[in-house]
Amino acid sequence: MKKVYDNFDGGFANNDRRGADNQFDIGRDLDIHRDLGYLKPGYLPTILASTSQLASLVVDFAIRPVGTAPSTPQVYAIETGKLHRISLASDGIESTSPFPRTLPAGKDGKGVFFFDSTAERNAIYYILEDNIGKETNGTFDDDWLSTIPAGGGALNGFGEHPYLIWQNYFWIGNINKLGRFDGETGANGTWTAAALTLPQGYSITALFETQNFIGICVWLNQESGSITPLARYNTRTFVLLWDGVSPTYNYLIPITDNKITAAKNVNGVVMLFTEGRNLEGALHILQAEGAKKIKRLRMNLAGTIINMDAPKVHALEIYDNKLLFGAADYDLIMAYGKADEDTPPAFFQPLSNTAVSGGIVGAIKVVDTDKIYASFQVSTTYTIKKFTTGNSTSAAWKPLYADFGQKVRINYIKFYFKPLVASDSITAGIDIDYGTAVTLGIGSGNISYGNDGGITYKRFDIKRICHAFRPTIVWVAGGVAVAKVVIDFDY
């Protein structure tokens, strides 16, 4: 008899025993959509030049596209005390005046965005704790919001200040008020500090767009100089839908958790990340009657179940028809979605910073057709890395155990893959009886171009008796694309 593993697009299962045939228990740094039909590592991270300039975690990125000035697209990154500009051509953080820009003391950076309007052409805006600054071709105005536009004023010094561009307006959360900037009216645009005022005690944590409404995520937890709100304490969170003109919001949808940390509309499906009432964060899909929890943010990392916090407000991005998001307490980038209509939606982990299991993902941005920037913190080390090519050296795969309810004898295991090329190397193995690893052949690198040439399959005779088994693969080097694994056995 034969057990065949040839479908890998189901993503993570909830445990190592039960799930669909196309799901797996361990899938470190595997991009199941990179080469459809095959199992292949995700991209290899490459650190950007001059990251020694970073003094804290980068919390947001923005792209200024090609214009008359500048003539090339530019990427901006903001951290607690600095605003940086990055060259897309060299993937390096600029270190020549006027960058990096030192932000006003005690005014932590919260976000950065590009907003092109009649009043303010080709400008980059950076959000501080209590104001919004503006940069145009190397000229900075750190208190632009409170001094330049009609109706200008400062922001409240607390809260996340999430922002969104919707219906040609710029919107920003300001504790219990939603501010709006209209760049088409007034000599320098018009600022409305309270386009919508919510009840006292509400705090806006994330914004998203729909066709007819702006989505406002709030939690009922007073923020002030004397109160530090924590998501782990039992509170309430809602999604408010507002048409942008009514005197109050149009709909309120309660969400069963303490806080919504981030939200995104992905092809018409609104996805919410929450935390507070479980050991791990959760991913939900918004529905008319509430939110449907579709995934707990947990995974088996090298044999240890880890519970991940929900992502930070700017640590999510749409890429290749799916949602990428970073854990707030691990340097891992997860994904949820499907490659096309012929593949199922899946939860998997395609990218990471290093082989360690700690750290934070601060922000993610697709800056080019096939280039992703992400910021990381591991202990006191802060980096920006790009993902665009190469193959992760931390990739590993272990599917679910096949349990036969009685003893079986494994005769052989056979691995199939695309022709090996120079530097390709994987370590193939098999686990039996829920935890005993069986070494095949020479062990590490037992399938490699250096030893085997450009082969497309390799067989290992085993002759082992067990009651449960599963194959295992660790990618040592290269991007071996695995097509299937066949295990021959007898009862």
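I count rings of Phe, Tyr and Trp (its six-membered ring) as a pair if their centres lie within 6.5 Å, with planes under 30 degrees apart called stacked, over 60 edge-to-face and the rest tilted. The model is predicted, so local features need pLDDT of at least 70 and side-chain atom pairs count only at pLDDT 80 or more, while totals for chains, interfaces and linings use all residues. Residues are numbered from 1 along each chain as its sequence is written, and side-chain values use heavy atoms, with hydrogens and water left out.

Entry, aromatic pairs. I find 31 aromatic pairs in the structure. I looked up Phe113 and Tyr163, a tilted pair at 5.2 Å centre to centre with 35 degrees between the planes. Phe113 sits in strand β10 (residues 109–115) and Tyr163 in strand β14 (residues 163–166), 50 residues apart. Strands here are DSSP runs (E, at least two residues), numbered from the N terminus. Phe113 is buried at a relative accessible area of 4%, and Tyr163 is buried at 19%; buried means under 20% (1.4 Å probe, protein chains only).

I then took Tyr202 and Phe238, which count as stacked because their ring centres are 5.7 Å apart and their planes at 20 degrees. This pair ties together strand β18 (residues 202–209), which holds Tyr202, and strand β20 (residues 237–242), which holds Phe238. Tyr202 is buried at 11% and Phe238 at 4%.

Entry, cluster. I note that ring pairs link Phe113, Phe115, Tyr125, Trp144, Tyr163, Phe170 and Phe181.

Entry, charges over rings. I require NZ of Lys or CZ of Arg within 6 Å of the ring centre and within 35 degrees of the ring normal. Arg180 lies over the face of Tyr169 at 5.2 Å from the ring centre. Arg459 lies over the face of Tyr412 at 3.8 Å.

Conventions. Helices (H or I, at least four residues) and strands (E, at least two) are DSSP runs, numbered from the N terminus. Buried means under 20% relative accessible area, exposed over 50%, partly exposed in between (1.4 Å probe, protein chains only).
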